[in-house]
Amino acid sequence: MTHAKGFAARLDSLGTESAYVVLDAARKLEAAGHRVVHLEIGEPDVPTAPHVIEAGIRALREGRTRYAVAAGVPEFRDAIAQSMALRGVRVTAEHVIVTPGAKPMLFCAALALINPGDEVLCPNPGFPIYESVVRFAGGKPVYYPLDKGRGFAPDVAAIARLITPRTRVLILNLPHNPTGGIATPDDLARLAALAERHDLWVISDEVYWHITYGPHSNSIAALPGMAQRTVIVDGFSKGYSMTGWRLGYGVMPVSLAGPMTTLIINNLSCTATFVQYAGLAALQGPQDSVHRMVAGLKTKRDLIIKGLNAIDGVTCASPAGAFYAFPDLGGLLERTGLTCESFAERLLSEAHTAVLAGTAFGPAGEGHLRLSYAADPANLELALERIRSWVSSLAAAV
């Protein structure tokens, strides 16, 4: 049989997201009859609010199943623009582009802003798709560290040292995946000053903005001069528990919105119309379900952080946002001779508890795990018990 020529070389630049790889392995264990505790996927464990579901159903029944304009339903874009005021950002619907999830907007922002050879500052550890989209766009990811002593806030001094004449974009993720870190107002002011001084674009991934355990902070785009050099990326998956609905957006300068719309037309056509009306209901309806979810996540955070810190050889800071624990297993790994990768693999295969190795988020994740605590408290307790028991068996075998 004659085969076609090989695939396009650009596919080699794409990475993956380990959470889906681990999920697949966990599902196979479940198919074999094992009960797996899932702490690998970053997904709220509460259902989408009933009024949002009803709005989606109503939109379907009203025949909102045809193409939408590429940039998004006008009234939905307007509602998104108005919601930005909570982050200190004053924009109109013209600044908003809707996409089927936040990832397409990350891709579009990368393709719109990065030229071949440009350097892009990416957090380390950080969401692996950042590096993937940067390389796909022809850019060069440059890792910047986080300040572990300040709850994994961006290390502004280190970022400043990494900037070169080829640096074009700074990627921020606040609150941060996988650490839950946030930035202080002073951090943001210093980062904004760097962006202005070196003429950098900022891609600000704010998909966890709703999930903070203290006062909400403003976006970096709210600072003077920053709205014209920032693309805010956000979505409804985390804050509104709408992961499967696939609904996201970008907020950007109007001058970029036109070319971005052309990119959307070439790639996606538009975002599902009825889903946008569900998103409109999420924004304009009661926010009680969001507040309850965040309050519940705070309780779950405290439960899992206390349990992890009670395990010998494990230390874990309490995250200020998002819903991930990022424990440091340095002492435990040193005693057992395991890596964080082998620890996570064996924890799944032997203790049927699915977590991610910290290195799935970059080299600085070495020695760590990421655990999503957006789960039923009973499952969190079960996971902690399994981890404690399995670690004890490791210690006995050493």
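Eight strands form an open sheet of mixed pairing, in the order E2-E9-E8-E7-E6-E3-E4-E5, where strands are DSSP runs of type E of at least two residues and helices are runs of type H or I of at least four, numbered from the N terminus. E2 and strand E5 (153–154) stand at the edges with a single partner strand each, so one side of each has no neighbour in the sheet. The model is predicted, so that local features need pLDDT of at least 70 and side-chain atom pairs count only at pLDDT 80 or more, whereas totals for chains, interfaces and linings use all residues. Residues are numbered from 1 along each chain as its sequence is written, and side-chain values use heavy atoms, with hydrogens and water left out.

- Strand E3 (residues 119–124) runs parallel to strand E4 (residues 140–147), and six bridges join them; two strands count as paired if DSSP finds at least two bridges between them.
- Within this pairing, Asn 124 has Pro 145 in E4 as its bridge partner.

**Helices on the sheet**
- Helix H3 packs on the sheet and touches E2 and E9, its direction making about 115° with that of E2; contact means heavy atoms within 4.5 Å, and angles run from 0 to 180 degrees between N-to-C directions, with axes fitted as lines to C-alpha atoms, for helices over the stretch in contact.
- In H3 (residues 74–83), the buried residues are Phe 76, Arg 77, Ala 79, Ile 80, Ala 81 and Ser 83, buried being under 20% relative accessible area with a 1.4 Å probe and protein chains only.
- These buried residues pack against strand E2 (96–99), strand E9 (248–251) and also helix H9 (273–284).
- H5 lies across E3, E4, strand E6 (167–173) and strand E7 (201–205), and runs at about 155° to E4.

**The H4 and H5 pair**
- The axes of helix H4 (residues 102–113) and helix H5 (residues 128–136) cross at roughly 40° and come within 9 Å.
- On the H4 side, Lys 103, Leu 106, Phe 107, Ala 110 and Leu 111 meet Ile 129, Tyr 130, Val 133 and Phe 136 of H5.
- By class, this contact of H4 with H5 has eight nonpolar residues, one charged and no polar, with Ala, Val, Leu, Ile, Met, Phe, Trp, Tyr, Cys and Pro counted as nonpolar, Asp, Glu, Lys and Arg as charged, and the others, Gly among them, as polar.

**The three-strand sheet**
- A further open sheet has three strands in the order E10-E13-E12, with antiparallel pairing.
- Strand E10 (324–325) and strand E12 (356–357) stand at its edges, each with a single partner strand, so one side of each is left without a neighbour in the sheet.
- Two bridges join E10 to the antiparallel strand E13 (residues 369–372), and Ala 325 stands opposite Leu 371 in E13.

Note on methods. Buried means under 20% relative accessible area, exposed over 50%, partly exposed in between (1.4 Å probe, protein chains only).
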